[in-house]
Amino acid sequence: MRRMIGTAAVLVSATLALAACGGGGGGGGNPLDTTSAAPSGSAAAAGGKAVIGSFDFDESVLLASIYAQALEAKGVQVEEKPRIGSREAVYDQVKNGGLTIVPEYNGNLLAFIDLKNTASTTDEVNAALKEKLPAELEVLDSSPAEDKDSLSVTKETQTKQSLNTMEDLAKVSKNMVVGGPPEFKKRWEARFKEVYGIEFKQWEPKGPATADALKDGSIQVGNVFTTDPKMLANNLVPLQDTKNIFPAQNVTPLLFKAGASDTIRTTLNGVSAKLSTQSLLDMMQKISVNKDEPATVAKEWLTSNGLA
């Protein structure tokens, strides 16, 4: 993937244009690449209709379609407004009632509302959100599914070096080359050393080519994001971040409170309970590699989980 999440510096440099995970139209996405224009108009969340918006990248469109089809299966009238643009545009639409629901990422949403907040775990992030959100808005249950930073290695390297956690990595990192976005070293070198004792032999600015650089062996560790389809395609393994250096980025429904019914809340909480990072990764593989339509992939997942 093509971005960094989890630090105030990242969010400032992106001018708060946080949309959760992705660049428009391709792959797992880039939560900071959100330069699309605001919508030219939006329907009011009135008359019992749920208006569901999404950010301008495939993963968000997929999640919105999952929400929409799950609600339709429960008899809720739904209107979809896909690919609206940045978090700034989408957030205002939900707050004003033009959108009823948007699939969000809890860590980036909190940073958008409260840039200096240091919450890191799912529970901490969600508690802070409930405190900081304006009265018009609410978040429902977070899913276990996340799209977040990781330090990843190939399956071969994992087996050879007995790597499962970032603590394991600290024991061998001085002999390894790490790659990621150009700003990766500046943003994370000190934190890796402070929290885990991780020090690398060399840092390489690989950017979008990080996953491929892991595969060809030019680096041994890479900053790849957890729902990047190349995780599967390149047989990569994210190391467990047991000390939560990378904050939670759980998929979480954001609602305009006055436009949401108990049926909406119950249905979306049911979706969140079954949505995992692995299932999201599998679905994004179908969209990015097989070129399946998000609505088709959403329908398949809902059916297989008894939700549609």
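Select strand β1, residues 50-55, to begin: 6 of its 6 residues are buried, so β1 is largely enclosed by the rest of the structure, where buried means under 20% relative accessible area, exposed means over 50% and partly exposed lies in between, with a 1.4 Å probe and protein chains only. Strands here are DSSP runs of E with at least two residues, and helices are runs of H or I with at least four, both numbered from the N terminus. What you are viewing is a predicted model, in which local features need pLDDT of at least 70 and side-chain atom pairs count only at pLDDT 80 or more, while totals for chains, interfaces and linings use all residues. Residues are numbered from 1 along each chain as its sequence is written, and side-chain values use heavy atoms, with hydrogens and water left out.

**Around β1**

If you now include helix α2, you have β1, α2 and β2 together, and they form a right-handed β-α-β unit, a crossover being right-handed if, with the strands pointing away from the viewer, the path from the first strand over the helix to the second runs clockwise.

**Two crossing helices**

Select helix α3 (residues 87-95) and helix α4 (residues 106-113), whose axes come within 12 Å and cross at roughly 85°. Axes are lines fitted to C-alpha atoms, for helices over the stretch in contact, and angles run from 0 to 180 degrees between N-to-C directions. The two helices α3 and α4 are therefore roughly perpendicular to each other, on a scale where angles under 35 degrees count as roughly parallel, over 145 as roughly antiparallel, 65 to 115 as roughly perpendicular and the rest as oblique. Arg87, Glu88 and Tyr91 of α3 make the contact with Asn108, Leu109, Phe112 and Ile113 of α4, contact meaning heavy atoms within 4.5 Å.

**The five-stranded sheet**

Move on to the open sheet of 5 strands, where the order is β7-β6-β8-β5-β9 and the pairing is mixed. At its edges are β7 (202-205) and β9 (236-238), each of which pairs on one side only. From one strand to the next, the twist averages 30°. Helix α8, residues 184-196, packs on this sheet and touches β5, β6, β7 and β8, with its direction at about 150° to that of β7.

Zoom in on β5, residues 151-154, which pairs with β8 (residues 221-223) in the antiparallel sense over 2 bridges. Leu151 stands opposite Asn223 in β8, and Ser152 stands opposite Gly222 in β8. β5 also pairs with β9, in the antiparallel sense over 3 bridges, and there Val153 has Val237 as its bridge partner. Which way do the side chains of β5 point? Leu151 and Val153 point one way and Ser152 and Thr154 the other way, and all are buried.

**Two loop residues**

Select Asn235 in the loop between α10 and β9; its phi is near 60°, a positive value in a residue other than glycine. Asn235 is partly exposed, with a relative accessible area of 48%. Then go to Asn244, in the loop between β9 and β10, where phi is near 55° and again positive in a residue other than glycine. Asn244 is partly exposed as well, with a relative accessible area of 30%.

In helix α12, pick out Ser288, which counts as buried at 16% relative accessibility. The C-alpha atoms of Ser288 and Asp228 are 9.3 Å apart, although 60 residues separate the two along the chain.

Finish at helix α13, residues 294-304, where Pro294, Val297, Ala298, Trp301 and Leu302 are buried. They cover an arc of only 130° around the axis, which puts them on the same side of α13; the arc is that of the directions from the helix axis to the C-beta atoms. These buried residues of α13 pack against α2, α11 and α12. After α13 comes Gly306, whose phi is positive, near 70°.

Note on methods
Two strands pair if DSSP finds at least two bridges between them.
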